[in-house]
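Please open the structure in your viewer and keep the selection tool at hand. The tour below goes from one selection to the next and says what is there.

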Amino acid sequence: MMTLRLRIIIAAILLLGLMYVIHKIKKGSLELRYAIVWLLLPIVIFLIVVIPGALTGLSNLLGIYNVMNMVFFLGFIFVILVLFSLTLAVSKLDDRVRKLTQKEALKDKEKN
Amino acid sequence: MKKLIIIPAYNESENIKNTVENIKTNAPDFDYVVINDCSTDNTLDILKENNYNYVSLPINLGIGGAVQTGYKYAMEHDYDVAVQVDGDGQHDPVFLNYMAEYLKEHELDMVIGSRFIDKKGFQSSFTRRMGIVYFTILIRILTGKKITDPTSGLRMAGKNVIALFADSYPVDYPEPETAVTAINNGMKIEEIPVIMKERQGGVSSITMKKSVYYMVKVTLAIIIERLRGRR
């Protein structure tokens, strides 16, 4: 089981994180397109942690005995997903930069 | 027939002049374009000073991106064949005319210059040859085609392959992978015997540490290329 103290700590951390993400989006340094997952996740975890019984119910459903293990498991899956989406984004960027560079170089050549 | 030589150059100030002059003398029918891959030495100055034909990339793209720029150039200027000649002087331009004629005569889409048909000239080290044999076998299994020198950088592309490579080309270590890409897309490929020299300056891009990456990356690339099918 999760103690009340732990619930409060986790909830506070999540709230702070959420505020930070929103702050970054407001400032324009985080593109909303990539931020959606970062916005939804704290909300989902927040709900799971705050609603009593939700975590235990979910653990039972997945067949995980320890509630904390479930938190780690979900967190781990989430991190993997985010990392993969980042790799995708980097690959796409890489491709775009390459095309742009080549186009620019060839255009530059034409001018001379 | 319009023929182009693509010379990718990254920090080749020692060799680039020799390479270009050698091409001008020994392959006068060919136009050439040097792709300066944002060299940090004075390669660009040498290109300017000598009034060579070059395209200069504003950021370093690595060998794949540089060579692909050459294929894009070939496509823009409507060349019939394009061939990559490295700036390190390993490839002898005297073979180029023969390759172009061979390509035209046999109506091929790509001709690869192989060191291992006549087994003359620089034959590479034993360990590298082991790697090359491995790729030959892998490509044979996956495509049914025997390429004796899949890592050869001396490859002449016809119009179809120029278009194919201009559209997509691997970022690094492109040789074995692009051979499979071409075969996969129904291109007609053949090898002809050539003699290569030992590099005349600079160092190989494939060091001992990188060779593991090379083997793994190229193996995966070939398999994925095969899975991908026709573009």
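Begin by selecting Phe73(A), which lies in helix 4 of chain A; helices here are DSSP runs of H or I with at least four residues, numbered from the N terminus. This is a predicted model, in which local features need pLDDT of at least 70, side-chain atom pairs count only at pLDDT 80 or more, and totals for chains, interfaces and linings use all residues. Residues are numbered from 1 along each chain as its sequence is written, chains are lettered from A and ligands numbered from 1 in the order in which they are written, and side-chain values use heavy atoms, with hydrogens and water left out.

Phe73(A) is partly exposed because its relative accessible area is 39%, where buried means under 20%, exposed over 50% and partly exposed in between, with a 1.4 Å probe and protein chains only.

Next, stay in chain B and select helix 3 (residues 62-76) together with helix 6 (residues 159-167), whose axes come within 8 Å and cross at roughly 130 degrees; axes are lines fitted to C-alpha atoms, for helices over the stretch in contact, and angles run from 0 to 180 degrees between N-to-C directions. That angle makes helix 3 of chain B oblique to helix 6 of chain B, since angles under 35 degrees count as roughly parallel, over 145 as roughly antiparallel, 65 to 115 as roughly perpendicular and the rest as oblique.

Finally, select Asn160(B) in helix 6 of chain B, which counts as partly exposed at 44% relative accessibility.

How values were computed:
Helices (H or I, at least four residues) and strands (E, at least two) are DSSP runs, numbered from the N terminus.
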